[in-house]
Amino acid sequence: MPKTSAEAPRENTTLTTGLRRFLIGATVVVGAMAAVQIVSVIRLQAEIEHWDWIAEVDSIRESLMARTQFGPATDRTGTAAPVVAAFDTLRAIIAERAELSEERIDATRHGVAKDLALLETEARGLFDAAREREAMLEPLYEDLKASEDALQDLSGKWATQLSEAERGLLQRSRQIDMEQRRLNDLKTTLIASLLSVQSMQQQILAIDRLAETNAPPDLLASMIQALDAGKLPEPCSPGEIEGTERICTPNITRVANSLEDLLSSNPDDIPAAVRRLVWAMEGYLRALRTRETSIANELSQTLNEARAVQDNLTELRRIGNSITRVNRLILDLEVQIDAFIASGEDLEIADNRVNMLIAQLQFRIPGLLSIAPFLEDDTTGATSHTASIREDWTRLRNVTSERIEFQNLFQATMARLSADIAFHARETRQNTTVWVGIYTTTFIILALGLGALVFWVVWMARSRFLVPLSRVTQTILGLSEGNLGQPFLIEQRAFGFDKLGEAVELLRQDMLERQALAIENEEQQRIIARNLAELSRTSEEMEWLAMHDTLTGLGNRRQADADIAKTTKVSAEMASEFCVMQVDVDRFKDVNDALGHAAGDHVLSHVAGILKITCGSDATCYRIGGDEFLVIFQQDLSEAAAQEIASTLIARIEAPIEYEGRLIRVGASIGIAFGSEAEGDASVAVLNADLALYSAKRSDENRYCFFTSELANRSRERRDLSDRIRVAIDKRAFVPYYQPQFLAEGFNIRGVEVLCRWHDPAHGWVPPSSFLGTAEDLGLVGLIDEILFEKVVSDVETLHTHGLTVPRVSFNVTLDRLLKADLAARLAERLGEDVTIAHELLESMSLDNPSDSVAWAIDTLKESGIEIEIDDFGSYRASLAGLMAVNPCAMKIDRAIIQPITNSQRHLNLVKKIIDIGAALNIEVVAEGVETNNHTELLKSLGCDSLQGFALAKPMPFDDLIEFCRQRPECHRTTNAVA
């Protein structure tokens, strides 16, 4: 609330008194803080001076440590003069500090300087002793290197001798290898000649046998002329040198002359000429085999010589390995000694390594000379070099040990010096830190106090004057701009703004009420106008929707019927031609099932756009069904033009369609009919186009077809087939055939599948593929199933009278038959418990989300003891959802997937996955189309449960089934069952 006039002076007096007291207290605190800061500065100056002295001493100590790193005598790069100068500087600084501390009567600082002086004197003596021992190492190291070099030169001479011997053996090995290749090539050429001569010998012997049987001269002459002289090796010329591609020994001249005589002989002289050629070829073949044996012996001798050379090379390489090991030991010895001298590693470890390497040299060198007596050397020389190395190393090790001892003492003294310096530096740093903390704390407190005072003054000015003034100004400006939503409030005490705020708030409330009344009047006017416009638009939309498809904007079937009648009338009055096209979208159902109806609507809209663009303004397009379109061309359209339009439509429709980042592919089938073929009746032309469309879809997808009289004949044939099917149903002419199914393990009978067969009196045996589709279109498959069910019951009962049975009977069931489960239940009741009835549901049936009626029918069958199987799994819309929704006891893999598995890894992997799915869901897997033994073994190895196909048994009539069951022990009923 705003303050009263009596309260305002009292508030100002309280604020003034508090401010006066605050300023007095702040002055006292600032004076105390300033005194503390003066004392802190004096103490800090003394501590910083001592700290500088400690830092200078430590810097000289670090310089000494860096300059007194004892390295090998062979690697010294300077003298001890810098170190001595550093010691003198350290002694002078310590003495100066001691005198200054004594003058100031500072006992603590004087004691520190005295202790550091004693440690400096001790470190200087130890440094001098270590440098003396270090100077003794260089001549010892030179002697050791000389002994190592002498031994290494001797090893190099051995390696040179061995290399010369090995080079001679390698040259001989290459010569032997060239001789082997020459003999092998010669042997290959010889064998080729032998084979060609043997081939011709067979022909000559056949001619000889015919000549002995007095064969017709014409036959002998034709066989002789058929001889190919080019198969024989070409004879060598006199003096020709035999090569790897030519054989001159034995000579082929006799055979060539005999063949020439045979080719030029008279019919009467043919037997004698043939006999001479046979003898010549036999002699040549014997000579070839003798030559082959000779070449084989030469190869054997060459191989033995090559083995001897290889053995000698192996021995030389073994000696070379020994020399290499000796060289490696010499190098390792040199590396170990150099590493010790350079790095100064642990003496005991270096001594053990060097002695071990020397011992190995003393062992290996005599052994090497014993296995290679041809090496030029005196055993005494190598031994003396090794002994010299051992003696030189012993002296070097002893001097090094003494140097290390003095060095360690020096390092220990320097470490004590470093520790004292560090201790005093730390003590000084702590004192300095304390006084810096005192100084900093007082400074911060003083700064914070001054800052708080300034902040308080600024805050009072802002909160009591500036903020209320700004709020009032902003509110008044907002009211002028029509912003009435935010109320005006002053939350803190202000200088005279309370009453002004109340007046502003009353003004805002009044303007808010006026604005609400104006908005209400405007809203009522808008509602009236909107209702009138909606009524007009709804009337127009209803008129348009009655004749058009809402998705594509094309005319619907009602509009098409009206235009068809109009077209028929115009054609009759003006005798004009017109053309009708029926367009059906292929694979549209797959798009709906896979991507949903939104994707299907997108495809239909896209196809409608293609029709309007491609057919042009002279054509009228309609959507007359789900994925069916109709196009009527009013102008006189030629067959070539219609063909071009249809091809263009198919090409554009089958192009990929993009939808939500994915590509959709569909196709089109088109039926075309002309009005002249329908006598100007457009409705008949539409029926003709529908027949042409049906023909296009049956032949292949993405096709177009013109209506012809042949299509009309096919339609009549289909009607005739429909009539014959109805007659066959009346006569119960459909009979069951039985194809056995076998368990993969043991090949026992699993059961039989019932297949439908029909013998038509006029056309003989009609395959199921020819009549089942028509029967399904007519809705007669259920009646055919009923006939088969009754005959199967009778056949199974007949089997029982013969003491036979089958464990299982499977039927293919349509959706219509599935919904009429009463017949199946009666069938199961009549067959009894020893025969299991199974219904095979086609996978093309929609099972992913079965309707209530389908689910109820499946549950009813299961309750009646009838098992459910999925037929042709993988050929339509295989899905885990369908399997889990139906929960069948078995699923049959379609034969189109089974048959390629012996040649297609892709189909094999698919079958394996299906079998794994069956195992995971506890569903038996049956393979159809097992045509070969390879199918049987492969499916059994994959874990398939049961098999069915021509490789095991073909479909058979009932009489053959009786004989088949008699040969299978598992089909014989037990005595109790027969009784």
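**Close-up views of a predicted model**

**View 1. Strand 9 beside strand 11.** Strand 9, which covers residues 749-760, and strand 11 run in the parallel sense where they pair, and two bridges link them. The model shown in this and every other view is a predicted one. Within the pairing, E753 is the residue that stands opposite S810 of strand 11. Strand 11 spans residues 808-813, and because five of its six residues are buried, this strand is largely enclosed by the rest of the structure.

View 2. T805 has its place in the loop that lies between helix 18 (781-801) and strand 11. Is T805 buried or exposed? With a relative accessible area of 10%, T805 is buried. The side chain of T805 is joined to the side chain of H800 by a polar contact of 3.5 Å. When the neighbours within four places in sequence are left aside, the residues in contact with T805 are H800, D834, V835, C965, C971 and R973.

**View 3. The largest nonpolar core and a second one apart from it.** The largest nonpolar core is made of 51 residues, and V809, F811, M891, I893, V911, L939 and L961 are those with the most contacts inside it. Which helix gives the largest share of this core? That share, five residues, comes from helix 26, which covers residues 958-966. Apart from this core lies another, of 36 residues, which includes A599, F633, L637 and I645.

**View 4. The contacts of M891.** M891 is one of the residues with the most contacts inside the largest nonpolar core. Once the neighbours within four places in sequence are left aside, M891 is in contact with I870, F873, L883, I914, I917, G918, I923, E924, V925 and V926.

**View 5. Cysteines without a disulfide.** How many disulfides are counted in the model? The count comes to zero. For C615, which is in no disulfide, the nearest cysteine sulfur belongs to C621 and is 4.5 Å away, whereas a disulfide would require the two sulfur atoms to lie within 2.5 Å. C615 counts as buried at 7% relative accessibility, and C756 is also buried, with a relative accessible area of 10%.

**View 6. Two loop residues with positive phi.** R587 is found in the loop between strand 1 and helix 12 (588-595), and its phi is positive, at about 60 degrees, although R587 is not a glycine. At 28% relative accessibility, R587 counts as partly exposed. F747, found in the loop between strand 8 (734-743) and strand 9, is likewise a residue other than glycine with a positive phi, in this case near 55 degrees. F747 counts as partly exposed, at 25% relative accessibility.

View 7. Y694 is found in helix 15, which covers residues 682-699, and counts as partly exposed at 38% relative accessibility. Although Y694 and I670 are 24 residues apart along the chain, a distance of 8.7 Å separates their C-alpha atoms. S258 belongs to helix 6, which covers residues 253-264, and counts as buried at 12% relative accessibility. With the neighbours within four places in sequence left aside, S258 is in contact with R276, L277 and A280.

Methods
Residues numbered from 1 in each chain as written. Predicted model: local features only at pLDDT ≥ 70, side-chain atom pairs only at ≥ 80, totals over all residues. Heavy atoms only, no water. Core = buried A, V, L, I, M, F, W, Y, C linked by side-chain atoms within 4.5 Å. Buried < 20%, exposed > 50% of the residue type's maximum accessible area, 1.4 Å probe, protein only. Helix = DSSP H or I, 4+ residues; strand = E, 2+ residues; numbered from the N terminus. Contact = heavy atoms within 4.5 Å. Pairing = 2+ DSSP bridges. Polar contact = N/O pair within 3.5 Å; in protein donor to acceptor, adjacent residues only side chain to side chain.
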